Amino acid sequence: MSSSTKALYARIGRRETHSSRSMLAIVLAIILIVVFAWVGTEVVIALLGLPALLVAPSDMFASAVGLAEQPAALVAIAGIVAAVVGLVLIIMSLSPGRRARHLLDTERAVTVVDNEVIASALARHASYAGNVDPDNATVSVSHRNGVVDLTPASGIPADRDAVTRAVSEQLDSYGLRPTVRARVRIAEKGKVGA
């Protein structure tokens, strides 16, 4: 496979497994537009000598200047909240968004598989390996982990090692990128008649 084909496959794989942050940008833009439109409207209304909709611009300015006269605890809390919101927005803007998908290692194409499909297959294999009804096997797959929850029938124990081995072998056979680790949890109390 040529290097240009590999680069193309890598770009396609990244596009299918990562999401853009456009929704966050759109929401923030709408909020800023509404705030600036409101402030602009208040300024125009004040220039026309009409009563303010919510707060007059002179009162807004006086509140901002008089902020130092407020109780220190209130100002500190407001500053901490503003800093946390700013930090969260910076982290969200710099970190990649992830879709609930993985890539399968293949030579000739880019193969994308949804996490729900992986979870369904793992639930089937875990239920067979643990001798548990398929309805009593629940699997959730995230970016790096697959958590298998089994509820055995009362009086019939499920072999955790056998289930872990079966699920790990399945995950290894898929060749997922990024790799997924399996964790098996077996309920201590079984279901009657399951």
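Biologist: What radius of gyration does the chain have, and what would a compact globule of 194 residues have?

Modeller: The radius of gyration is taken over C-alpha atoms, and the globule rule is 2.2 Å times the number of residues to the power 0.38. A compact globule of 194 residues would come near 16 Å, but the chain has 28 Å, and its C-alpha trace spans about 80 × 55 × 30 Å along the principal axes. This is a predicted model, in which local features need pLDDT of at least 70, side-chain atom pairs count only at pLDDT 80 or more, and totals for chains, interfaces and linings use all residues. Residues are numbered from 1 along each chain as its sequence is written, and side-chain values use heavy atoms, with hydrogens and water left out.

Biologist: How many salt bridges does the count come to?

Modeller: A salt bridge is a side-chain nitrogen of Lys or Arg within 4 Å of a carboxyl oxygen of Asp or Glu, and by this rule there are two. In one of them, the side chains of Arg-101 and Glu-16 meet at 3.0 Å, N to O. Arg-101 belongs to strand 3 (residues 101–104) and Glu-16 to helix 1 (residues 3–17), so this pair ties together parts that are 85 residues apart in sequence; helices (H or I, at least four residues) and strands (E, at least two) are DSSP runs, numbered from the N terminus.

Biologist: Which residue forms a salt bridge with Asp-149?

Modeller: Asp-149 pairs with Arg-185, the closest N and O atoms being 2.6 Å apart. Asp-149 lies in strand 6 (residues 145–150) and Arg-185 in strand 8 (residues 181–186), so the pair ties together parts that are 36 residues apart in sequence.
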